[in-house]
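This report describes one protein model for a reader who has not seen it before. Please look over the sequence and the structure first.

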Amino acid sequence: MKTLKIFLLLTAVAAIALPAQSRRQTPKETPAELLRQAREACSHYRFDKAIDLLDSYESALGKKSPAADYDSLLTVAERGRSMMERVEKIVIIDSIEVSKNDFQQAIVLNASSGKIERGLSIASGPKAVDNSTSYIVEDGSTVYMVTDGSDGHSTLTAINQLADDTWEDSGFNFSDLGEGGDVNFPFLMSDGVTLYFANNGENSIGGYDLFVSRRNGDSFLQPQNLGFPYNSTANDYLLAIDEEAGTGWLVTDRNNPGGETVTIYRFIPSDMRVNYPSDTPDLIDKALARNYKSTMDSSTDYSEKLRLPQNSGDASTPSFSFAMPGHKIYHSLNDFKSRTARSAMTHYLSAEIEYRKACENLAQLRASYASGNKSDGGRIAMLEQSLPGMRAELARLRNEIVRAENPDL
């Protein structure tokens, strides 16, 4: 009997001790830990989980004040959850990594789609913001620039070239585009109405987001966030659509946030937006464009879409749009007063043709590699290594042209 009592006593003690021990082994989720988990959930596009964690965080705080980024994190989570319900279905046919400082050179458009330039300053005219992107329409008569706004944020300015080669402000009102942030990286569709741009204001889900607006007279309508997969929780800089080629270009740093390179995706735009069903199993991957090759149809040949346009033609009689200081955009070699600048421009055009050929060759090799021809791997690596040097040479030649034509600058 005594033995039985001792056994029952030990059993009772163990029953009490085990839950206490289990509680000691389970770390308490402090407000700081809940907030950390919420941030992590947002970065992985698990926005529902992030919202639940933020609710728990708010409850765990009691009467304490929330962290400084609590409201913005909750806004991102709620906006992300809404955007996950309308992830657009697009076909991405190529992806390249280039330097963030000169990615504009890697975007090769047909002349009908205009031209994208890294910054552009007009003497005795508006000054472009450092590290900004300008857009020049097809005939060079209008330039969309990024300039300092009156509210301390960058905004857009459009200037028109007059018959005497001077420039005047277009009078367009871009005030509705800012939304409390910086506006940058403009691209105007050939209809002259549809404007794509980036903004890091209050309606962004993180860093710069891509937006679309449409011109209504001299003003632009309330912009719309393009959503996923065009945007991400990182920086999404530029979207350009070449209607003649039937391809689009998307520039983002989502694969290297805050780094020195950006990813440029080439995709096939649709006339009408079609979204993935919200219960698609790999919806997060689609939103992130994590495995872009999964968006392609294995039975479709994309080689024609990957082909880059050849705008320069014969380098001996070229036509081009080259932005110069002093209210000018040159369109032919005859525009140059300096023989040195004219010679440098000829070299620049030849180098540009070679660069485009290399980009086109790389795109074709990548398409071949993706279809199973693994023997192209070495040539792909060599071309990828050569492109940064070619872009650097183009930048050097551009500077040489400007200095030769404008020795007093």
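Which residue in E11 does Val212 stand opposite? Val212 stands opposite Gln224 in E11.

## Basis of the model

This is a predicted model, in which local features need pLDDT of at least 70 and side-chain atom pairs count only at pLDDT 80 or more, while totals for chains, interfaces and linings use all residues. Residues are numbered from 1 along each chain as its sequence is written, and side-chain values use heavy atoms, with hydrogens and water left out.

## The chain overall

The protein chain holds 8 helices and 16 strands. Helices (H or I, at least four residues) and strands (E, at least two) are DSSP runs, numbered from the N terminus. Of the 409 residues in the protein chain, 46% are buried, that is, under 20% relative accessible area with a 1.4 Å probe, counting protein chains only.

Contacts are heavy atoms within 4.5 Å. Among contacts between residues at least 6 apart in sequence, 56% join residues at least 24 apart.

## Strands around E9

Strand E9 (residues 209–216) runs antiparallel to strand E8 (residues 194–199), and 6 bridges join them. Two strands count as paired if DSSP finds at least two bridges between them. Tyr196 has Val212 in E9 as its bridge partner. E9 is also joined by 2 bridges to strand E11 (residues 224–225), again in the antiparallel sense.

Strand E10 (residues 219–220) is a further antiparallel partner of E9, with 2 bridges. Here Asn216 has Ser219 in E10 as its bridge partner. E9 and E10 form a hairpin with 2 residues between them, and Gly217 in the turn has a positive phi of about 70°.

## A sheet of five strands

An open sheet of 5 strands has the order E2-E3-E4-E5-E6, and its pairing is antiparallel. Strand E2 (115–118) and strand E6 (167–169) are at the edges with a single partner strand each, so one side of each has no neighbour in the sheet. On average, neighbouring strands of this sheet are turned by 30° against each other, direction ignored.

Strand E5 (residues 154–161) pairs with E6 over 3 bridges. Ile159 stands opposite Asp169 in E6.

## Helices H7 and H8

The axes of helix H7 (residues 339–370) and helix H8 (residues 377–405) come within 9 Å and cross at roughly 160°. Axes are lines fitted to C-alpha atoms, for helices over the stretch in contact, and angles run from 0 to 180 degrees between N-to-C directions. H7 and H8 are therefore roughly antiparallel to each other, a term for angles over 145 degrees.

Methods
Buried means under 20% relative accessible area, exposed over 50%, partly exposed in between (1.4 Å probe, protein chains only). Angles under 35 degrees count as roughly parallel, over 145 as roughly antiparallel, 65 to 115 as roughly perpendicular and the rest as oblique.
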